[in-house]
Amino acid sequence: FPVTIFEAYTLQPDGTKIVVPKENIFVTTSPTDPAIPGFITSLQQHVAFPQIKINSKIHITWRYKQITPPIFKFSEVISPFSKVDTLRTEMLINLPRDMYANWAKKGDFEVSDTIQGDRRIIAASLGPQASHQPEPFMTASSDELPFFEVSTIPSWEEIGNTVARLTAPK
């Protein structure tokens, strides 16, 4: 599975750290509508944090490794969860020095983009963020949250060209 979990735990209000046991980390097939014919090949990894209560904090450190090249190259967006307080949100991208990548941010993300030998390292981090509780008639929380996005797609035209190439009659 392309996601490696290095550390996951619940931190209780009194400071007690409860590590997520290995049996609480598991993979399942992605849910789908039973009316849709075909096979499901996508998977989801789940982490069940133990003994969460009011004022508990959860912590997870993980890495995602791209196994196959995506159709539209690499493109990723991160943002803090909207329904819970978030202490820290981070993304670290390690690319070949000469690989094209563009990034953008909204809000207080701190971003560094450095060259280390033959590698390009892009690091984005965001400090504590309060949860956004929904209210009647409010805009979507995701519209208000800070985000960081990185992509190796140079233009919208390339997306159109890729779709045209993949859907052309053979």
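Two residues are in contact when they have heavy atoms within 4.5 Å of each other. Counting contacts with a separation of 6 or more, residues 24 or more positions apart account for 65% of those in the chain.

The model is a predicted one, in which local features need pLDDT of at least 70 and side-chain atom pairs count only at pLDDT 80 or more, while totals for chains, interfaces and linings use all residues. Residues are numbered from 1 along each chain as its sequence is written, and side-chain values use heavy atoms, with hydrogens and water left out.

**The chain as a whole**

Helices (DSSP runs of H or I, at least four residues) and strands (runs of E, at least two) are numbered from the N terminus. The chain has two helices and 11 strands, and its elements, read from the N terminus, follow the order β-β-β-β-β-β-β-β-β-β-α-β-α. Along the principal axes, the C-alpha atoms of the chain fill a box of roughly 60 × 45 × 40 Å.

A residue is called buried under 20% relative accessible area, exposed over 50%, and partly exposed in between, with a 1.4 Å probe and protein chains only.

**Strand pairings**

Two strands pair if DSSP finds at least two bridges between them.

| Strands | Sense | Bridges |
|---|---|---|
| Strand 1 (residues 3-11) and strand 5 (residues 57-64) | antiparallel | eight bridges |
| Strand 1 and strand 2 (residues 17-19) | antiparallel | three bridges |
| Strand 7 and strand 10 (residues 119-126) | antiparallel | eight bridges |

Towards strand 2, Leu11 has Lys17 as its bridge partner, and in the hairpin of strand 1 and strand 2, with five residues between the strands, Gly15 takes a positive phi near 95°.

Another group of three strands forms an open sheet in the order 7-10-9, with antiparallel pairing. Strand 7 and strand 9 are the edge strands of this sheet, each pairing on one side only. From one strand to the next the twist averages 10°, where axes are lines fitted to C-alpha atoms (for helices over the stretch in contact) and angles run from 0 to 180 degrees between N-to-C directions. In this sheet, Leu95 stands opposite Arg120 in strand 10.

**Two residues in detail**

Ile115 lies in strand 9 (residues 110-116), and since its relative accessible area is 43%, Ile115 is partly exposed. Apart from neighbours within four places in sequence, Ile115 is in contact with Arg97 and Arg120.

Is Thr86 buried or exposed? Thr86 counts as buried because its relative accessibility is 10%, and its place is in the loop between strand 6 (75-78) and strand 7 (89-96). Leaving aside neighbours within four places in sequence, the contacts of Thr86 are Pro80, Phe81, Gly127, Pro128 and Gln129.

Pro128 also gives a distance to Ile115: the two are 13 residues apart in sequence, and their C-alpha atoms are 28 Å apart in space.
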